[in-house]
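Please find below a colleague's note on the structure under review. The points are numbered and may be read alongside the sequence and the coordinates.

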Amino acid sequence: MLSLPYFCRGEVIRGFGRGSKELGIPTANFPDSVVDVLPADISTGIYYGWACVGNGDVYKMVMSIGWNPYYKNTKKSMETHVIHTFKEDFYGEVLSVVMVGYIRPERSYDSLEALIAAINSDINEAKMKLELPEHLKLRDDNFFKSTSSSSSASLSPTASASQTIMNGH
């Protein structure tokens with residue numbers, strides 16, 4: 001995937017409400033305006049990288065991009081699980097992520113337990129891979145130091161200077 005690492009930012013919106021309630025694994029969802037501009041070579045599946053809420057600390061993350069076959073979604077989504085325990089939800093906050101690697105394609109599961117086991121395996125794999133020096137350096141990228149929700153800078157030479165959601169590599 002030539003587009004990795006891929007940097008994106010957007011407001012956290014309400015998703016399907018399954019992450020915390022059904023799975024015990026909370027996720028932050030990006031709006032369609034972020035999902036719809038993913039590069040063509042960012043295929044559906046599970047990714048790992050770094051995430052920052054607002055101007056907070058940078059944490060490891062895993063992200064599902066796709067239609068969540070177990071739930072048979074009809075709408076493509078980007079759901080980020082920040083590997084950190086937050087005291088409260090952060091709907092409406094700006095989430096900045098850098099996707100640095102790909103774990104696996106999305107797939108369906110025979111049971112909710114199997115899906116949860118797969119997600120936990122993805123989280124463990126992300127934790128290990130993000131310790132590699134080439135991935136650790138991205139945790140300190142300047143991208144995370146400029147997370148103002150009113151930012152109009154663009155990271156991609158093809159992006160409009162008036163964008164408030166930043167995408168690029």
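**Notes on strands, salt bridges and burial**

1. Strands β4 and β5 run antiparallel and are joined by 6 bridges. Strands here are DSSP runs (E) of at least two residues, helices are runs of H or I of at least four residues, and both are numbered from the N terminus. Within this pairing, Gly 66 stands opposite Ser 77 of β5. The model is a predicted one, in which local features need pLDDT of at least 70 and side-chain atom pairs count only at pLDDT 80 or more, while totals for chains, interfaces and linings use all residues. Residues are numbered from 1 along each chain as its sequence is written, and side-chain values use heavy atoms, with hydrogens and water left out.

2. Strand β5 also pairs with β2 (residues 28-29), in the antiparallel sense and over 2 bridges; two strands are taken to pair if DSSP finds at least two bridges between them. Here Thr 80 of β5 is the bridge partner of Ala 28.

3. How many residues of β5 are buried? The count is 6 of the 6, so the strand is largely enclosed by the rest of the structure. Buried means under 20% relative accessible area, exposed means over 50%, and partly exposed lies in between (1.4 Å probe, protein chains only). Both faces of β5 are covered: Ser 77, Glu 79 and His 81 are buried on one side, and Met 78, Thr 80 and Val 82 are buried on the other.

4. The whole structure contains 5 salt bridges, each defined by a side-chain nitrogen of Lys or Arg within 4 Å of a carboxyl oxygen of Asp or Glu. One of them joins the side chains of Asp 32 and Lys 75, with an N to O distance of 3.5 Å. Asp 32 belongs to helix α2 (residues 32-35) and Lys 75 to the loop between β4 (58-66) and β5 (77-82), so this pair ties together parts that are 43 residues apart in sequence. Asp 32 is partly exposed at 35% relative accessible area, and Lys 75 is partly exposed at 46%.

5. A further salt bridge links Glu 131 with Lys 60, the closest N and O atoms being 2.5 Å apart. Glu 131 lies in the loop between α3 (112-129) and α4 (133-139), whereas Lys 60 is in strand β4, so the contact ties together parts that are 71 residues apart in sequence. Lys 60 is buried, with a relative accessibility of 17%, whereas Glu 131 is partly exposed, at 44%.

6. What separates Glu 125 and Lys 129 within helix α3? They are 4 residues apart, which means a separation of about one helical turn. Their side chains meet in a salt bridge of 2.8 Å, N to O. Glu 125 is partly exposed, with a relative accessible area of 23%, and Lys 129 is partly exposed, with 26%.

7. Ser 3 is located in the segment before β1 (6-11) and is buried, with a relative accessible area of 6%. Its side chain makes a polar contact of 2.6 Å with the side chain of Asp 41. A polar contact is a pair of N or O atoms within 3.5 Å; within protein, one must be able to donate a hydrogen and the other to accept it, and residues adjacent in sequence count only if both atoms are side-chain atoms.

8. The structure holds 0 disulfides, a disulfide being a pair of cysteine sulfur atoms within 2.5 Å. Cys 8 is buried, with a relative accessible area of 0%, and Cys 52 is buried at 1% relative accessibility.
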